Amino acid sequence: MLSASYHPGKGHKIMGLALDTVTAVILAGGRGSRMRGQDKGLVQFAGKPLVKQVIDRLAPQISRLLINANRHKHDYAQWGYTVFADLHADFAGPLAGIAAAFAQTNSDWIITAPCDAPYLPAEYVARMCAAVDATRIYVATSSTYLQPTFSLWPRECLPALTAFL
């Protein structure tokens with residue numbers, strides 16, 4: 001289990017997946033259609049923007065963090081992380097953000113979290129990386145549903161993802 005002060009070092013491994021092969025990406029690229037057009041990551045929650053809540057939970061777990069945003073990039077950049085937009089126009093969804101993330105890093109793996117998950121577990125990265133036993137996509141689940149924006153993606157899936165998009 002990771003604590004809030006955990007800072008992984010180069011070569012640190014959790015169950016065989018080296019953390020220096022993983023980059024975290026916060027997905028904040030949506031159009032906010034369920035929120036009347038508001039940029040969900042910038043909506044205030046418990047005194048700070050939702051995306052800041054996710055940054056505070058995710059950053060201690062991993063050494064590389066990026067933010068995928070298609071609007072208000074300057075606002076997202078204030079926290080000091082690289083902010084990038086989808087490569088596909090018209091808000092093509094989380095898969096477009098994931099595909100664009102691979103262009104931003106040399107990492108073999110990308111782990112994603114949505115910008116509106118203020119209670120992201122402190123051990124999220126460790127738990128997802130612990131599940132890795134092959135080169136495939138790993139998706140978190142609740143008791144009844146897949147949670148595809150909480151996922152771990154190998155670079156090997158990029159050609160198929162690009163073709164799909």
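## Two strands at one end

Let's start with β9 and β10 (residues 146-154): they run antiparallel and are joined by four bridges. Strands here are DSSP runs of E with at least two residues, helices are runs of H or I with at least four, and both are numbered from the N terminus. Across from Val-139 you'll find Ser-151 in β10.

A quick note on the model: it is predicted, so local features need pLDDT of at least 70 and side-chain atom pairs 80 or more, while totals for chains, interfaces and linings use all residues. Numbering starts from 1 along each chain as its sequence is written, and side-chain values use heavy atoms, leaving out hydrogens and water.

## The whole sheet

Zooming out, six strands make an open sheet with mixed pairing, in the order β7-β6-β3-β8-β10-β9 (two strands pair if DSSP finds at least two bridges between them). β7 (82-84) and β9 (138-141) sit at the edges with a single partner strand each, so one side of each has no neighbour in the sheet.

## Aromatic pairs

Searching the whole structure turns up three aromatic pairs. Ring centres of Phe, Tyr or Trp (its six-membered ring) must lie within 6.5 Å; planes under 30 degrees apart are stacked, over 60 edge-to-face, and the rest tilted. One of the pairs is Trp-109 with Tyr-138, tilted, at 6.2 Å centre to centre and 45 degrees between the planes. Trp-109 is in strand β8 and Tyr-138 in strand β9, so this pair ties together parts 29 residues apart in sequence. Both Trp-109 and Tyr-138 are buried (under 20% relative accessible area with a 1.4 Å probe, protein chains only; exposed is over 50%, partly exposed in between).
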